[in-house]
Amino acid sequence: MNWSEAQHPPLDPTKTVGIESCAECHEEMVDRWSESAHATSFETLIKSEAARNIAEIAGIQVSEIPTTASCVRCHYTREFLHSAVQTTESISCESCHGPALDWINLHNVKSKSRAERVSSASEAGMKHPQRLYEVVKTCFECHVVDDEQLVNHTGHPAITNGFELLSWYEGETSHNYLVSKPGRSVKSHSSQLQPIPIDRRRMLFLTGKLMHLSYTLKVISRATDPPVDPSGEFIKLKNGLPTFAVQHSIQARRIFDELVAINKIIDAPEIKASIEIYQSLSFVTGQKKNILEAGEKIDLQTRAFTENHNGSEFHGIDSILETLVPRYSGLEKDEIEKVSQFMSKLKP
Ligand code: HEC
Ligand code: HEC
Ligand code: HEC
Ligand code: HEC
């Protein structure tokens, strides 16, 4: 597909610095990351049966997946090393925080104020956690799959089942090791994973819902394959699922219903506005432009939401947050329960 439309275009290999450059200062984060699916898929992805099936239909060798442009942008990180572009990691620090060459020496300058550091690094392309909108966006760029042909022809997942920002961050992906110490101009590292403050958890949950709806609408608007056959029946893909547009439309409806429920217990103008924007839509053919515009409008509401709130007023959703189970891949259900109990003790 055309990169100008891609939600997560490939990282520029001449701007990436690689995981070792982060390890120099953020060692415990790199250790934790190295055990997550984002890191281990470097070894596991091409060995899977799913990869073999997708490669076969896409007409490539399995060994070519880590260098095939249409896979690299969501699955791999490339660097320019020894005068050649090489695939060095799967989903790395820079996949989420942005290629670091231009910001690595700006984001940690002790002689600047925190605000100056955040703004100079962000201008140089860093997705800084201080700018919640920027850092959260990346998850949905990959986890809401935007490549219709990939989904409809190879059986690649369109949606990540059960994806919810807070719990999917708070499990194996989380790496909050920084603490503020009095008298220090920059944050310091702790050897212990720090619990995420409740206000921040509320913001992650709610921002995730809005962003998920916005990105899902945007990908629906780009679909071109017909969802039904000439007799009007929904087309089924080989894996038994409906087509790309239908899978995403069902997902959009699900997130909308959740937002409606959330809107009954908390008061946020951006959530109300997003609900109204969605309600103005009809999901019939010929609506692409309206659906895209709705996605873009909800995106603006999401940004405004992150700028206008800090989470302190949203205690109404705490009972929902308590039901979330931190996401760990490869764990059995009872192990997930144990982790969840452990996490709940960490919560302040
Ligand atoms: C020379 C040490 C050093 C290196 C190398 C380094 N960092 Fe940092 N990083 C820091 C320090 C110190 C802070 C705390 C800055 C502050 O308090 O504003 C920080 C903060 C951050 C933050 C923001 C956290 C926050 O909210 O304050 C992110 C994200 C980050 N680093 C990512 C990275 C990534 C990704 C790399 C590798 C590409 C990297 N860093 C390399 C020292 C470093
Ligand atoms: C838009 C981003 C995106 C693109 C492009 C993409 N993937 Fe994926 N892929 C994902 C995400 C996200 C997952 C995890 C989905 C999940 O957890 O259900 C995934 C999962 C997979 C899996 C595991 C699927 C399963 O059923 O277990 C394979 C294999 C895979 N991708 C191969 C590929 C190949 C090969 C390409 C290139 C032809 C590719 N992907 C392109 C985002 C992408
Ligand atoms: C899957 C996406 C993703 C990956 C991969 C990732 N980060 Fe992050 N990072 C985030 C998000 C989201 C936050 C904000 C978390 C929050 O709000 O509590 C964050 C927060 C941080 C922070 C601030 C932590 C704190 O205690 O405040 C630092 C520093 C950081 N990341 C560095 C790194 C480094 C170094 C790597 C690679 C080892 C990395 N990140 C990999 C998404 C990612
Ligand atoms: C560059 C694309 C990309 C970005 C950005 C990204 N992911 Fe992923 N993520 C993937 C892919 C691909 C997989 C599947 C890896 C595999 O197992 O092959 C995955 C897997 C995961 C898993 C484990 C899978 C499971 O089924 O349990 C979690 C949890 C996860 N992502 C959370 C997040 C969160 C939270 C963010 C944002 C903070 C994020 N991801 C950002 C591509 C991405």
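## Close-up views of a predicted model

**View 1. Strands E1 and E2 pair as a hairpin.** Strand E1 (residues 77–81) runs antiparallel to strand E2 (residues 84–89), and five bridges join them. This structure is a predicted model. Within the pair, Arg-78 stands opposite Thr-87 in E2. Two residues separate the strands of the hairpin. One residue in the turn is His-82, with a positive phi of about 45°.

**View 2. Ligand 3 has 23 residues around it.** The closest are Trp-33, Cys-93, Cys-96, Asn-176 and Leu-178. Which helices each supply at least two residues of this shell? They are helix H2 (27–33), helix H6 (93–97) and helix H11 (198–221). The largest share comes from H6, which gives four residues. By class, the shell around ligand 3 holds 14 nonpolar residues, eight polar residues and one charged residue. Both domain 1 (1–97) and domain 2 (132–348) contribute, with at least three residues drawn from each.

**View 3. Ligand 4 lies between domain 1 and domain 2.** Around ligand 4 there are 22 residues. Ala-37, Ser-41, Cys-139, Cys-142 and Ser-329 come nearest. Five helices are listed below; each gives two or more residues to the shell:

- helix H3 (37–44)
- helix H5 (69–75)
- helix H6 (93–97)
- helix H8 (132–143)
- helix H10 (165–170)

H8 gives the most, with four residues. The classes here are ten nonpolar, ten polar and two charged residues. Why is ligand 4 placed between the domains? Domain 1 (1–97) and domain 2 (132–348) both give residues to its shell, so ligand 4 lies between them.

**View 4. Ala-245 sits in helix H12.** This helix spans residues 244–265. Is Ala-245 buried or exposed? A residue counts as buried if 20 or more other C-beta atoms lie within 10 Å of its own. Ala-245 has 25 other C-beta atoms within 10 Å, so Ala-245 is buried. Leaving aside residues up to four places away in sequence, Ala-245 touches Ile-220, Ala-223 and Pro-227. Now look at Asn-152. Asn-152 and Ala-245 are 93 residues apart along the chain. Their C-alpha atoms are separated by 9.4 Å.

Key: Residues numbered from 1 in each chain as written. Chains lettered and ligands numbered in written order. Predicted model: local features only at pLDDT ≥ 70, side-chain atom pairs only at ≥ 80, totals over all residues. Near = placed C-beta within 6 Å. Nonpolar A, V, L, I, M, F, W, Y, C, P; charged D, E, K, R; others polar. Domains from an automatic or database assignment. Buried ≥ 20, exposed ≤ 12 C-beta atoms within 10 Å, placed from the backbone. Contact = placed C-beta atoms within 7 Å. Pairing = 2+ DSSP bridges.
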